[in-house]
Amino acid sequence: MANLKGSAEPRQPMRVLRFKKGQASELLCRCKYFQVERMLINTERTREMAELRTGRNSFQVLLCTEGCGVLFWSGDSLNFYKGDCIFVPADSVTVRIHGKAQMLKVGC
């Protein structure tokens, strides 16, 4: 039989935001296989760029949900726009990000 009386207020996890120059990130979901973060990039009006590094055993997938920007690494660059999905392999060089965008970052 269902208990329809309701209980105490639902527990909601606290939002944890991390800030670095030009970016903010928020952990949305984590399990033993992967984690998902929301990244807010805003380096349009500054010379500083957001940086992204992958670990030796973990790749990153970036999905741009709003805005646009440019990724820079080892003398190369890649423009990205809303809807683009970018794979950054494990143990890669540091990727620098310039622009104004919201992204989902998925890693294992």
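Modeller: Residues count as buried under 20% relative accessible area, exposed over 50% and partly exposed in between (1.4 Å probe, protein chains only). This is a predicted model, in which local features need pLDDT of at least 70, side-chain atom pairs count only at pLDDT 80 or more, and totals for chains, interfaces and linings use all residues. Residues are numbered from 1 along each chain as its sequence is written, and side-chain values use heavy atoms, without hydrogens and water.

Biologist: Where does Cys108 fall, then?

Modeller: Cys108 is partly exposed, at 47% relative accessibility. Cys68 is also partly exposed, with a relative accessible area of 37%.

Biologist: How many disulfides are there?

Modeller: The count is 0 disulfides, a disulfide being a pair of cysteine sulfur atoms within 2.5 Å.

Biologist: Changing topic, how do β1 and β2 pair?

Modeller: They are antiparallel, with 4 bridges; pairing requires at least two DSSP bridges, and strands are DSSP E runs of at least two residues, numbered from the N terminus. Phe19 has Ala24 of β2 as its bridge partner. The hairpin has 2 residues between the strands, and Gly22 there takes a positive phi near 85°.

Biologist: Which residues line the largest pocket?

Modeller: Among them are Arg18, Lys20, Gln23, Ala24, Glu37 and Lys105. A pocket is an open set of points on a 1 Å grid where a 1.4 Å probe fits, with protein on both sides within 12 Å along at least five of seven lines; lining residues have an atom within 4 Å of a point.

Biologist: Which strand gives the most to that lining?

Modeller: β2 does, with 3 residues, while β1, β2, β3 and β4 each supply at least two.
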